[in-house]
Amino acid sequence: MKKLIFFSICLLVYLNGAAQAPSKTKLFFEKAYLRTDQDAYIAGNTLWYSAFLVNAQDNHFINTSKTLYVELVSAEDNYQVQKQIIELNEGKGFGDFELDDSLKTGTYFLRAWTNWMRNFNDNFLFEKHLVIAAQKPKVGHDKLTKKSTPVATGNKAVNEVKSDAVLAFFPEGGSLLNDVPNIVAFKALNSNANASISGTVYNKENEAIAEFESKSNRGLFLFQPIAGEVYYAKGKIGASSFRTDLPKALEKGYALQVIEKDSLFQVVVKTNQQSNVLNKDVLLTASARGLTYVSQQFNLKNLQQGLKIYKNTLPQGVVSFTLYDAEGRPNCERLVFVENTNKSVNVEIANSSSSNKELIQVKTGDDKDNLSKSAFSIAVLKNTLALNGNTDIYSYLFLTSELRGEIEKPNQYFSLANTARKQDLNLLLLTQGWRNYLWQRIADTSFVVKDIPEQGITLSGTVSTKVGDKPIEGANVTIRAAGKEKSGLFWAKTDRNGNFFVDDAKFLGEQLFRVNAVNDKAKNVGWLKLDPLFKSNAVKPSLNKVSTELPENVSDKLFEQQDLLSKGKSMTEKTIELEEVKVKGNQPIIVADVLLNDFGYKDEVFDITDKDHDYQNLSHYLLANSKQAGADTGANNYIVFRYGGQIIYPRFVINGRSNDFFEDDNETLDEESMAADVEVRNNIYDTYLNMPMSDIKNVTIKHLVRATGGASKDYFVVFLTLREGATLGAKVNPVIVRLDGYYKAKEFFPSDVNKPNQPQNALVYWNPIVETDAKGTAEISFQPPADKTDYYINIQGINARGIPFVLEKRLDK
């Protein structure tokens with residue numbers, strides 16, 4: 001899994017959403033963290049999450065971006081399972097994914113980013129891997145073997161596990177230097193963390209020079225290369241053999257060694273006789289998250305010279321020591337971790353219980369035992385499996401987000417039960433440090449801002465001429481909620497490139513919008529095209545660089561959890577979701593406001609090919625190819641269907657979503673609402689019947705009948721499967737389009753978790769955002785487990801001073 005530093009750039013000046021010159025920007029840093037209720041799920045469960053957006057330099061909640069994009073993706077094929085747009089309030093938000101019961105067993109990625117992070121491609125993407133197990137078969141189950149899943153790399157799938165062992169070497173500071181003792185770390189790249197390593201270093205004459213070994217997949221040894229020699233190593237990683245060349249040593253230059261003491265770091269700068277750098281100035285800096293905390297220039301008078309850097313001058317977390325030569329070029333870099341135990345949060349829990357209620361009081365205090373205001377999320381579970389997660393808010397903000405590559409079980413580096421945690425953390429930083437000088441590179445180049453921080457949902461698009469597709473400047477674009485739910489009205493004017501945007505729209509859930517472009521005389525002008533709200537290709541995935549291997553025994557543990565919690569309850573299919581049209585055999589179909597049934601009428605199915613692109617639009621195509629569709633004799637020339645002496649206007653379902661009006665309610669509506677429904681219907685027809693065939697992959701026409709309520713009535717439903725981006729690409733004016741706004745998260749109820757027709761869940765209580773009072777106190781109550789079992793509390797949050805905290809505690813019943 002790719003875990004990187006997240007940052008953004010704060011605009012000091014921007015006008016009408018357009019970024020100014022790079023000289024008018026100021027760098028600052030932004031991180032997102034998503035905390036889930038668990039890290040392993042069974043298909044059919046609900047995944048609950050809370051979202052925190054913080055300033056990476058001090059971990060305080062930040063309000064620069066108020067919109068967060070979240071997606072759940074299959075690691076096997078990079079398929080987007082679900083997506084949501086989350087509204088952030090003072091850096092806090094939350095959501096949930098109802099996991100479909102048809103999901104396959106495997107690794108999934110939970111990803112999140114702000115629009116601002118898109119300026120940096122995938123470098124600043126939040127990514128967390130989760131395990132989802134398919135529902136247990138009714139008769140027994142097959143154990144899920146611990147093996148690598150093929151992962152997508154472009155158009156070719158490769159398997160990450162190689163037959164030969166690979167050992168990589170990492171000299172401290174970045175390079176070996178001839179005739180100077182060097183610390184060399186090593187790491188097995190394709191073995192598990194428990195694989196032991198043993199090896200020997202040989203010179204070009206095949207003479208043994210040094211030996212090394214480790215009981216885990218990382219280790220280090222001391223090595224002094226000699227000028228004119230080259231070296232290689234042979235040995236064993238577990239039962240597999242390896243042969244690896246050591247990095248070529250520099251003939252002249254610098255070496256950097258850092259030794260941690262109680263209250264300081266001893267930094268040793270080394271060189272050799274060939275370097276010719278004695279009596280020249282060098283610069284040592286200590287930086288973290290884009291800020292420099294130490295900058296010390298000194299004259300290198302000896303081949304080895306030391307400096308003392310006190311920990312109280314450095315921030316908590318990963319710190320980079322960098323050595324620059326007299327010309328200002330970076331030569332060496334060494335990452336260290338500063339653990340400031342004086343800056344911690346004390347979390348206390350007091351609980352009292354009755355037969356039907358559990359009351360928990362949480363108090364958060366700072367390092368001086370002063371109570372401080374905090375915000376946190378809390379999960380209460382009946383199973384410890386959920387507590388054995390791969391990360392938490394502390395390890396993410398201070399460690400995993402600062403490094404490239406996957407870190408196995410990052411919590412182990414901060415667990416007091418791990419007596420070797422400091423040595424392990426040092427090895428991790430030696431072998432997985434970020435040595436690309438990214439901060440310096442960005443600071444030294446002209447940075448071009450393309451995507452601004454969003455204070456709401458951005459509605460954007462273009463207006464162009466119908467002939468020649470040339471941009472229209474100065475068109476007045478109105479975007480308003482269509483039909484009965486008029487919850488928003490937005491206005492924009494196109495620029496010289498025909499572009500328009502609204503950067504602060506706020507609306508919940510799916511809504512129909514009417515988008516219209518007119519000139520100064522209020523006459524419709526040009527063609528309209530809207531950009532997708534959720535840009536699924538906003539960041540490039542990192543699947544070719546991560547392991548999709550399932551954690552050991554996780555499938556058996558999940559099935560055991562399912563057995564214990566479900567108590568033999570059978571699994572049944574999910575009921576039909578009203579928000580999405582799902583066709584399963586002859587089951588009823590919800591289309592907007594009507595429940596419809598398939599009574600055996602034959603479908604018309606058309607797979608669109610390149611030769612169909614010659615048709616003028618969908619209306620032209622249906623008139624020429626459908627045996628049921630005919631032309632309306634009215635003024636609008638719409639497509640209609642005739643059956644039983646009736647003229648039936650079609651309904652539309654676009655990519656599985658009903659995009660429709662509500663004609664069945666007309667008898668209960670007032671005259672204005674009826675007119676609004678007619679307008680919505682007409683605009684839907686204008687949008688999709690005028691759509692070019694190149695935007696369409698498949699057309700299916702179904703003849704359906706109302707299933708319940710009132711007299712029998714026939715319907716014709718046109719199901720359209722569109723190509724990516726085509727839903728918003730219809731160029732008629734005005735356009736009616738259904739947009740996904742901010743996701744309206746569900747409120748947690750125990751009954752929502754343990755439904756009789758779903759696999760049972762370990763979750764007892766979930767609260768994504770809890771804010772304490774000024775004294776650092778919050779009270780929480782919930783219904784305890786009915787079976788009187790012990791349960792576990794997991795709290796993750798940040799206090800008012802920007803200090804993250806985690807508490808896991810078992811409560812006995």
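How many aromatic pairs does a search of the whole structure find? The search finds 34. The structure is a predicted model.

## Aromatic pairs

One of these pairs joins Tyr615 and Tyr621. Their ring centres lie 5.1 Å apart and their planes stand at 90°, so the pair is edge-to-face. Tyr615 is partly exposed, because its relative accessibility is 24%. Tyr621 has a relative accessible area of 4% and is therefore buried. The cut-off for buried is under 20%.

Ring pairs also build a cluster. Its members are Phe169, Phe186, Phe212, Phe221, Phe223 and Tyr231.

## Charges over rings

For Lys92, the ring is that of Phe61, with the charged end 4.2 Å from the ring centre. For Lys234, the ring belongs to Tyr202, and the distance to the centre is 5.6 Å.

## Helix H5

Tyr621 belongs to helix H5, which spans residues 618-625. Leu618, Ser619, Tyr621 and Leu622 are buried in this helix. These residues cover an arc of only 160° around the axis, so they lie on the same side of H5.

## Gln796 in strand S51

Strand S51 runs over residues 791-799 and includes Gln796. Is Gln796 buried or exposed? Gln796 counts as buried, because its relative accessibility is 5%, and the cut-off is under 20%.

The side chain of Gln796 makes polar contacts. It reaches the backbone nitrogen of Ile393 at 2.9 Å. A second contact, of 3.2 Å, links the side chains of Gln796 and Asn794.

Beyond four places in sequence, Gln796 is in contact with several residues, among them Tyr33, Arg35 and Phe52. Phe376, Ser377 and Asp392 are also in contact with Gln796, as are Ile393, Phe805 and Val806.

## The largest nonpolar core

In soluble globular proteins, nonpolar side chains tend to be buried together. Here, the largest nonpolar core holds 64 residues. Leu34, Leu68, Val70, Leu459 and Ile479 have the most contacts inside this core. Strand S7, residues 46-55, supplies the largest share of the core, with 6 residues.

Technical notes:
Residues numbered from 1 in each chain as written. Predicted model: local features only at pLDDT ≥ 70, side-chain atom pairs only at ≥ 80, totals over all residues. Heavy atoms only, no water. Phe/Tyr/Trp six-rings, centres within 6.5 Å; stacked < 30°, edge-to-face > 60°. Buried < 20%, exposed > 50% of the residue type's maximum accessible area, 1.4 Å probe, protein only. Lys NZ or Arg CZ within 6 Å of the ring centre and 35° of its normal. Helix = DSSP H or I, 4+ residues; strand = E, 2+ residues; numbered from the N terminus. Polar contact = N/O pair within 3.5 Å; in protein donor to acceptor, adjacent residues only side chain to side chain. Contact = heavy atoms within 4.5 Å. Arc of directions from axis to C-beta. Core = buried A, V, L, I, M, F, W, Y, C linked by side-chain atoms within 4.5 Å.
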